[in-house]
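Dear colleague,

I am passing on the structure we spoke about, and below it you will find some notes on what turned up when I went through it. Please read them with the model open beside you.

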Amino acid sequence: MNVSEPYTLLLVDDDAAVLASLKRQLRKEPFVVESAPNAAEAIALLESSQPMIVMSDHKMPERDGVSLLTEIKNRWPSVVRIMISGFTDMDILVGAINEAEIFRFIPKPWEKDHLIGILMEAAAKYGENIS
């Protein structure tokens, strides 16, 4: 897979300002960006149009990011999973790694170039997953 071609990315965060900021920073990058404000809407989007990468916040009402990313791992194993969070609690990180088998963890606030680099790596990883 050529990562210079557009690929789909699903952003999941209950904070509309975070989603808007991420979309703004990614608008000139080779991504087709979808977003969901909660886990239920993210699952609905996955069922209708499977993205290549899902980047989810951890702390959300009703359902946390580890739980969401674990379900994605079980139902759509080729989707690359990334956790983004302002909380760096070791239990959260261990759960994300062991249960959801995340590809990377990105701390908030993020650095744009670092974020884009990780997303490009994730696109390459997705290509490996489907080969």
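Predicted model: local features only at pLDDT ≥ 70, side-chain atom pairs only at ≥ 80, totals over all residues.

The buried residues of α1, which spans residues 16–26, are Val18, Leu19, Ser21, Leu22 and Leu26. Seen down the helix axis, these buried residues fall within an arc of 165°, so they line one face of α1. What covers them includes the strands β1 (7–12), β2 (31–36) and β3 (53–57), together with the helix α5 (112–130). At the N-terminal end, α1 is capped by Asp15, which places a side-chain oxygen 2.9 Å from the backbone nitrogen of Ala17.

The largest nonpolar core has 24 residues, of which Ile53, Met55, Ile82, Ile106, Leu115 and Leu119 touch the most other members. Two or more residues of this core come from each of β1, α1, β3, β4 (80–85) and α5, and the largest share, seven residues, is given by α5.

To see how one of these residues is placed, you might look at Met55, which, if its neighbours within four places in sequence are left aside, is in contact with Leu9, Leu10, Leu11, Val12, Leu22, Ile82, Ile84, Ile106 and Leu115. There is also a second, separate core of 21 residues, and among its members are Val54, Met60, Val66 and Val79.

With best wishes

Conventions. Residues numbered from 1 in each chain as written. Heavy atoms only, no water. Buried < 20%, exposed > 50% of the residue type's maximum accessible area, 1.4 Å probe, protein only. Helix = DSSP H or I, 4+ residues; strand = E, 2+ residues; numbered from the N terminus. Arc of directions from axis to C-beta. Contact = heavy atoms within 4.5 Å. Polar contact = N/O pair within 3.5 Å; in protein donor to acceptor, adjacent residues only side chain to side chain. Core = buried A, V, L, I, M, F, W, Y, C linked by side-chain atoms within 4.5 Å.
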